[in-house]
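Dear colleague,

Please open it first, and then read the notes below it.

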Amino acid sequence: MTLEVIGISVLWLFLFGYVLVASIDFGAGVFNAYSLYTGRKHILTNIIQRYLSPVWEVTNVFLVFFFVGMVGFFPKTAFYYGTILLVPASISIILIAIRGSYYAFETYGSRGHMGYTFMYGLSGLFIPASLSIVLTISEGGFVTLVNDHPVLDYWALFTSPLTWSIVVLSLAAVLYISAVFLTWYANKAQDQNATELLRKYALIWAAPLMITAAGIIVELRIHNAEHYARMLDVWWLLGLSFILFLGTVWLIWKRKKYGLAFGLLAGQFTLAFFAYGISHYPYLLYPYLTIYDSFTNEAMAISLIVAFIAGLCLLVPSLWLLLRLFLFDKNYVRGRVKKEDS
Amino acid sequence: MGKEEAVFFSRVLTELTLSFHIIYATIGVGIPLMIMIAQWIGIKKNDEHYILLARRWARGFVITVAVGVVTGTAIGLQLSLLWPNFMELAGNVIALPLFMETFAFFFEAIFLGIYLYTWDRFENQKKHLLLLIPVAVGASFSAVFITIVNAFMNAPQGFDIVGGQLININPLIAMFNPAMPTKVAHVLATAYMTSAFVLAAIAAFRLLKGSSHIYHKKALYLTMKLSLIFSIASAVIGDFSGKYLAEYQPEKLAAAEWHLETEENAPLYLFGVLEDGEVRYAIKIPFALSILAHSSLSAEVIGLDQFPEDEIPPLYIHYLFDIMVSIGVWLTVLSAVYVIGTWKGWPFVRRQWFRGFIVAGGTLSIIAIEAGWWFAEVGRQPWILRGILRTEDAATTSGQVDLMLLLFAGLYLILGIGSIVVLSRMFRRNPVEKELDDRHTEMGGEHS
């Protein structure tokens, strides 16, 4: 395995981490706002706050980690993506900023402003939409070089069916992942009402997820034949992913083993995410930028990998502690405060 | 939008984001240390006032952290969005500390979450104190790493350029550049100093507003002692920074001091205005610049005449330098008088007017931070990488920077107002007297 492949694998893993934890976060905001709208706020709010409060800041770090690592391992991406993404990325930053600060203001400051709750929920839909634009752009066809500087064709981007399919897919995935996770969490909290409601949401969002995912593969055939062909090479990964998806839906349907259901979901998205990533190889921006011509020098690559391993030695135990205290601690999840040790 | 306008708006937007971010970032670096110290003293003295102090600071800290995190995310991305050519070049050499900064940040984020939500889960306060160590360490180390990146921009090294290509890259040599020790130390010391002054200002404000609770007095005395220590540290390191500039970045020092001609026995000008190349209305301290630069009365200090016109920074940085230094000196004196006065029992340090000065000190210290950063950053113009890459060659070619500037300005306005409103409401609704009563009732109930 070359250093380039190690680099991109590490980054893809962190992007996946972000997608998973941020989906839970974004979806929770949407469900929270929706339940307020339908007068069922009390059912979900406690569950959602209890989970989100200790982890919202960590969620943000996954994103920072990804883009800092991207520029570190592949400095040329700063030139290409930096130039073309000014507007979409700025909009994402602003939404993330409003969302993150609002959460802190609301949770630790004052509670219960209706308008804010809706804004919070809505931003949870717009952020994945604005971020998923990057995935569309990476497929090529929307960027041209003018005087050696990349220029983004917004008109082509916004009229492409591929763009909108990816946007819908990201929204469906956010809501589905979040609902499955929160069903499990609510069930652990022995909150029957919340579990039932979230279970319903999970089942509702399963169908659009699969439809758009299948649609994108078809659209890729027209848009980027090379990527489509490589996708077919890894059809078995996608097939496996689909089987895991069926497993999750079945368990949720039967009201059985929600923990396992979430495990299968994580497996499903891992496989699909890596199948997509592998088939994208070696391009970072089709057809201008591959992982090989944008890769940093060897000295930097090695020191980044060393720093990464050292960092993980710190992070993994810390994350484990965080999960143990807030996710796997029955008393915390159920909202009871227990005094430990003495 | 033409290229020149894109450069201009990119600079304004970066300056706006950073100026806003450093208020929250500076507090974010210093306050965890103060919380840790308060918690530690509380445990050592078995005094619940200090524990409560730690808790209340921590509660307010969450709000500032939130704004610090989101604006930090903004500047992190803006580096690539607004300065793509810079990041492409610098990314090859300086990615390592950037990457390590995110680890420090990650570490802090995890333990801050744990600290905040385990207040009532650990009976043993010592365990709770242990959780604060990674928060404070993570906060300080993210400042260390990001300052290393900035130091590199002032003193780039660790690579060779041959025919436009970067070769012989050594990330560690790039990190340990000559600007790094003084910059990192000055940033840390002034961040602790500012946080201590901000917290002292809050305590003084409560006392000024009529509360005479012992809690506020303890808080004020503690934070003023810390302020004094860190003010002295900042001043000493500031002096080293001056010597660094004389050695490695003489054009920045010369512009800051309006040192126009290279000469020996160089005088130092305080304040004043510059008219037609003449310094007027300034306080002139003979030999002081030679001492500042080289610790010798007669040392020769390089003046602006040694540099081509298009490589010297704007001369208005003199005012920024003066603001920073004057505030630094004033606050050092103020904290020294307060600490000595309290110790010796001088009555005037308890007077309202003196407390008014301390309240103003909080704002002043933040002004000094801003002035210091503007001085450091504008003083490196016209370079983004000193001697290697000019600012105008690094900016984006995108045509929408002006629009983004407006959007972000709106965002910072909302965040600024929001954080002030939330913070003041949080503490006004729950004054310390009330919280102490609540805790007594709670504890009384438990032990009976």
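**Where the two chains meet**

Between chain A and chain B an area of about 6100 Å² is buried, and carbon and sulfur atoms give 77% of that area. On the side of chain A that touches chain B, the elements that give two or more residues are α2 (41-73), α3 (76-84), α4 (86-109) and α12 (298-326) of chain A. That side of chain A is made up of 43 nonpolar, 19 polar and seven charged residues. Counted as contacts, 69 residues of chain A meet 65 residues of chain B.

Please keep in mind that this is a predicted model, with an ipTM of 0.82 and a pTM of 0.87.

**The chains one by one**

Chain A has 13 helices and four strands. Its radius of gyration is 21 Å, close to the 20 Å that the globule rule gives for 342 residues, so chain A is as compact as a globular protein of that length. Along the principal axes, the C-alpha atoms of chain A fill a box of roughly 60 × 45 × 40 Å.

For chain B the mean pLDDT is 84, with 97% of its residues at 70 or more. Within chain B, confidence is highest in helix α6 (residues 180-208), at a mean of 91, and lowest in helix α14 (residues 432-447), at a mean of 65.

With best wishes

Methods. Residues are numbered from 1 along each chain as its sequence is written. Chains are lettered from A and ligands numbered from 1 in the order in which they are written. This is a predicted model: local features need pLDDT of at least 70, side-chain atom pairs count only at pLDDT 80 or more; totals for chains, interfaces and linings use all residues. Side-chain values use heavy atoms; hydrogens and water are left out. pLDDT is the predictor's confidence in each residue, from 0 to 100. Contact means heavy atoms within 4.5 Å. Buried area is the accessible area (1.4 Å probe) that two parts lose on being put together, summed over both. Ala, Val, Leu, Ile, Met, Phe, Trp, Tyr, Cys and Pro count as nonpolar, Asp, Glu, Lys and Arg as charged, and the others, Gly among them, as polar. The radius of gyration is taken over C-alpha atoms; the globule rule is 2.2 Å times the number of residues to the power 0.38.
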